[in-house]
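Please open the model in your viewer and keep the selection panel at hand. The tour below goes from one selection to the next and says what is to be found at each stop.

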Amino acid sequence: MATSLTANAVVERIRSQASSAWMGGTSEGFQCGNPNATVTGIATAWTPAIEALQKAISLKHNLIISMEPPFWRESGTVLTEVSMGTPSMKVLEASSVYQYKKKLIDDHGLILWRFNENYQALPSNPRLNALARTLGFKAYENPAATQKLAATGAGVYTIPEISLADLAKKARESANAKALRVLGDPQEKVKSVALLPGYIQNQDIMAMVRDRNVDVLVCGEPCEWEAFEYAEDWITAGWGKGMISLGRAASEDPGANELAGWIGSFISDVAVTGIAIGEPFSYVPSHKA
Amino acid sequence: MQISRREFGERSLVAGAAALLGLSAGPVFGDTPVTAQQIADKILAIMGPAWDPASYRDTFKMGDPSTAVNGVASCFMSTFDVIKRAHEKGLNFVITHEPTIWTDADLLPPVQNDPLYKLKLEYVNDNKMIVWRTHDSWHKMQPEPMNAAQNKKLGWDKYALASDPRACQFPPMPLRDVVAQYAEKTPTESVRVIGNPDSVVESLTRCGHSCEQNIVGLEKYDVAISIEIREFETAEYGRDFLASGGKGAMIIASHESGEENGMEYFTSWFKEHLPGIHIEFIPTTDRLWTL
């Protein structure tokens, strides 16, 4: 049966399961490989890092589904990420890392499909809910407040009161976010959390704090010198108490596993495996003697 | 503390009061109270060719430029905290390197209905403060002051390469030692490393915020130091760099860590060129902490 399942067919099934309101004109689509090739297994990862591809190869999965494109830049006409110094193709092609990754994909006949805007728009919001469960917030959700922030994809939770330092420690452990960074007085008590995975821009933060019913933000990667400084000013104003930045990867990993579970619920022809790749950082130095 | 002509009609009184505040009514500014506009004009005149009048960055951001200046506060970024600390020190002219209202171009439309913007603006106006930015012009000074100041602070000026002012060549040492020097001497806890701490390195380059600069930098030097990057591109390139067998490392730090030293240096530059105008450096710090 598996022999008849092509990558195109997998994408068609995802489209039909996702919702009737599938958005066109997005950044999504095949990035590498032959869409008509037979799928031997499906791996999901937030970004197709070399380590994720190697894991997929070891599992004999040849279709990789990810939010991000493989070569650290968007190559299509629809841009969803805010780049800083997008590498030119000339620079990329001269890079030993690009050459290595391209060869790995080609040699193993990997097929890469990007699932981005429509993934973020899935009605079940696996990206947010998986992270909320990982952090232990899900049971404390304030659904009305979450609904109000639907346009940003954020969730709002009223958790048992805890110090910012303890909340950060718990988040570091549960999300495996060893390189997380925190703003705010560690001793402050917090209980009303707005949570948003991924890259965070000013308009997201402004929306999350506008109603003044949130005292701590837990985010993936707030844009530095914009969203970070907005949060700092928000804390200086006395309107908020803290922000925990988990890092982009730590905030996206849980969603990859959740996505694999969702795809596996309607594709049983082949194995579907979520690959959590962890954060890219090797270590954070201990600071100031 | 504001000096106005109305209160001090006599030149001698103006000079006396100005001297008390560390201001001078010297030939450059005549006998009227020094305004923010005059100070900015004077700075730009001294910077000369480094100043691009078309820069959208190097402009007044808040307040009335014709306001008399009690004292100058220089900083990396005019956060609300920095503005408040400047005011508490009696300094009403904030000279910042980075934006005030959270975007590179200090765009008004995205924030004009935002309550935090209104609060910050009200604070500046109520306290007769002025905010002006010097970014492009300061970076164009030779030698480039941000890297030069940081090299000096880190004791790396002896390693700086004449051929590439962003780069350093130094005796071989473990990566962890380079990282420790950076983490101890720059004002941030936001230092994240991609690389093996035991690997031996002997050169580094600064890659700003740019993914492309990191890619190019790692082809030529052992360590790429960047301040404020986008994780999906640059940090993920670093992860793949290691996974593909690359020998080298990335040190990813906060934007503040790379430029606070340079704005501290701006403060001494200002004192040298505008003696008699009272200026104090207000550290922004990113105020981040880690576990």
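Predicted model: local features only at pLDDT ≥ 70, side-chain atom pairs only at ≥ 80, totals over all residues.

Residues are numbered from 1 along each chain as its sequence is written, and chains are lettered from A and ligands numbered from 1 in the order in which they are written.

**Stop 1: a sheet in chain A**

Select the five strands of chain A that form an open sheet in the order S1-S4-S3-S2-S10, with mixed pairing; helices (H or I, at least four residues) and strands (E, at least two) are DSSP runs numbered from the N terminus, and two strands pair if DSSP finds at least two bridges between them. Strand S1 (29-32) and strand S10 (272-274) of chain A stand at the edges with a single partner strand each, so one side of each has no neighbour in the sheet. Direction ignored, neighbouring strands of this sheet are turned by 25 degrees against each other on average; axes here are lines fitted to C-alpha atoms, for helices over the stretch in contact, and angles run from 0 to 180 degrees between N-to-C directions.

Now zoom in on strand S2 (residues 42-45) of chain A, which runs parallel to S10(A) and is joined to it by three bridges; Ala43(A) has Thr273(A) as its bridge partner in S10(A).

**Stop 2: two helix pairs in chain A**

Select helix H6 (residues 126-134) and helix H11 (residues 248-264) of chain A, whose axes come within 7 Å and cross at roughly 115 degrees. The crossing of H6(A) and H11(A) is right-handed (a crossing is left-handed if the near helix is turned anticlockwise from the far one by less than a right angle, and right-handed if clockwise). Residues of H6(A) including Pro126(A), Ala130(A) and Leu131(A) meet residues of H11(A), among them Pro254(A), Leu259(A) and Trp262(A), where contact requires that the C-beta atoms of two residues, placed from the backbone, lie within 7 Å. By class, this contact has six nonpolar, five polar and two charged residues; Ala, Val, Leu, Ile, Met, Phe, Trp, Tyr, Cys and Pro count as nonpolar, Asp, Glu, Lys and Arg as charged, and the others, Gly among them, as polar.

Next, select helix H9 (residues 202-209) and helix H10 (residues 227-236) of chain A, which pack at an angle of about 25 degrees with their axes 9 Å apart. That angle makes H9(A) roughly parallel to H10(A), given that angles under 35 degrees count as roughly parallel, over 145 as roughly antiparallel, 65 to 115 as roughly perpendicular and the rest as oblique. Asn202(A), Ile205(A) and Val209(A) in H9(A) meet Ala227(A), Tyr230(A), Ala231(A) and Trp234(A) in H10(A), a contact with six nonpolar, one polar and no charged residues.

**Stop 3: where the chains meet**

Show both chains: 57 residues of chain B are in contact with 57 residues of chain A. Which helix gives the most to the side of chain B that touches chain A? That helix is H9(B), with eleven residues, and the residues of this side divide into 25 nonpolar, 14 polar and 18 charged. Strand S6 (residues 181-184) of chain A and S12(B) run antiparallel and are joined by two bridges, with Trp289(B) as the bridge partner of Val182(A).

**Stop 4: chain B**

Select the six strands of chain B that form an open sheet in the order S5-S6-S8-S9-S10-S7, again with mixed pairing. Strand S5 (160-161) and S7 of chain B are the edge strands, and H9(B) lies across S7, S9 and S10 of chain B, running at about 35 degrees to S7(B).

Finally, colour chain B by its domain assignment, domain 1 (11-141 + 261-281) and domain 2 (145-253), the bounds coming from an automatic or database assignment. The C-alpha centres of these two domains of chain B lie 32 Å apart, and eight residues of domain 1 are in contact with five residues of domain 2.
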